[in-house]
Amino acid sequence: MNILALDLGTSSVRGLVLDADATPLPGALARRKVRVATGADGSGTLDGPGYLACLTECLDELAAAGHLRDVELVATSAQWHSVLPLDAAGEPLGPVLTWLDTRPAPLATAVGPADPDAFHQRTGTWFHRCYWSVRLPWLRDRTSTPVARFVGLVDYVLGVLLDEAPMSVSLASGTGLLDLHRMDWDPEACELAEVRPADLPPLAPAGWRGRLRSTYARRWPQLAGAAWAAPVDDGAASNVGSGCVDATRAAVTVGTSAAVRLVQPARADLAPLPDQLWRYRVDHHHVVTGAAYSSGGNLFAWANRELRLPQGAQLEAALARVATDGRLVVNPRFGGDRPPGLVPAGSGELRGLGFDTTAVDILAGLMTALCRLVADDLALLESGVGAPAEVVLGGGAMAASAWWRQTFAETLAPRRVRHQHHPEIGAMGAALVALGRVADGAHVTGIGRTDEPDTPDPAADAPPR
């Protein structure tokens, strides 16, 4: 049996084929870049139909190359927190709001949860612009056509492709409207969002499987009999693919954004959720607790675009020569705060600049500042489990810079810090969740020292279309 893994992220759409042990098959990869439209007003949106077109192009490419033969299961790693209003015919009424969008704000009449701490413990979230409790009234207020229902980006895409596409408890937990314990829509959260459960997607039961619509089954006959598993959030999937599936290992993942997370079985005796951390569902049996940051690899991308940095080995050598005297003071919140913070986009700061400050000094300051944010939140995570955790670094930005990996290792000391070298941690993790084998994530291959070079993957390194 082969597994088709879809990695539906913020900056790209990817489709790749894995074997029955969730190991990617060489060369069986197709990807397309997607463009997030951002603005000075804090907007961060995607085009839903355009995103769907990128996915269908990936599937066309894989089918034409013969890679979809023997696929029996489709697993999906999906971005969290997006929302799209639909009309009565199921057509989008505007662009998709992504997690990057910091414009939504509570309406003047909003009062918030009656007991904010109980709300936080129950939903794992806050009354915050990132969640549907704030986003849905804000969207309704700005949409001229009546909204029939709200979906996430991935629910919209799968709703077009499949006979039915209920929302997974993993993605539902990222809306801020799910009671994590009952695994059903939370009445108070729905009231804050000014919606009825009927305005929201139905929730997928444990073990749910979907099928392609007949139109698409004819387009990709190799997938006509394949079962589609409920999607899992890309952060939770990355934890599983990084080998971090219990409280002994924390994942620090740096892609476009960054996060630090712990996965645990969803037991009744879990420690209360600290004020500054969120908690979501991985699946019906596991939760993930952590903190996320709007800045990550996008800091590197900004610096590379604007500062004319050296490239490759030359950049790594220059970073190694940077003085660590702390003279440069950096706030890396270029994209604003993720929950529970409220700092808006455009809040990044650089202080302590002198005529001898170089572009590489600025890059090093940005990257080191993010390491320190992660270290603070990791300590908070560990306070809930009572012991230090081993750390596994993962994500494309970690693969790109040995210096950044080593800086994380130094910042997080004395913890043991390792690196998951495999580039497809999200796809691998989503496949293991779909197979019901989350615990097997503890034995994934590819975890090594932070100073070990990554093995190039020619397919992964090919430029996306």
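User: Where does proline 414 sit?
Analyst: Proline 414 is in the loop between helix 13 (402-412) and strand 22 (417-420); helices (H or I, at least four residues) and strands (E, at least two) are DSSP runs, numbered from the N terminus. A cis peptide bond, with omega about 10°, joins alanine 413 and proline 414. Bear in mind that this is a predicted model, where local features need pLDDT of at least 70, side-chain atom pairs count only at pLDDT 80 or more, and totals for chains, interfaces and linings use all residues. Residues are numbered from 1 along each chain as its sequence is written, and side-chain values use heavy atoms, with hydrogens and water left out.

User: Why does aspartate 70 count as exposed?
Analyst: Its relative accessibility is 58%, and exposed means over 50%, buried under 20%, partly exposed in between (1.4 Å probe, protein chains only). So aspartate 70 counts as exposed.

User: What makes histidine 81 buried?
Analyst: Histidine 81 has a relative accessible area of 7%, so it falls under the 20% cut-off. Its phi is near 75°, a positive value in a residue other than glycine. Most residues other than glycine have a negative phi.

User: Why is helix 10 called roughly perpendicular to helix 11?
Analyst: Helix 10 (residues 312-320) and helix 11 (residues 359-383) pack at an angle of about 75°, with axes 10 Å apart. Angles of 65 to 115 degrees count as roughly perpendicular, under 35 as roughly parallel, over 145 as roughly antiparallel and the rest as oblique. That makes helix 10 roughly perpendicular to helix 11.

Conventions:
Axes fitted to C-alpha atoms, helices over the stretch in contact; angles between N-to-C directions.
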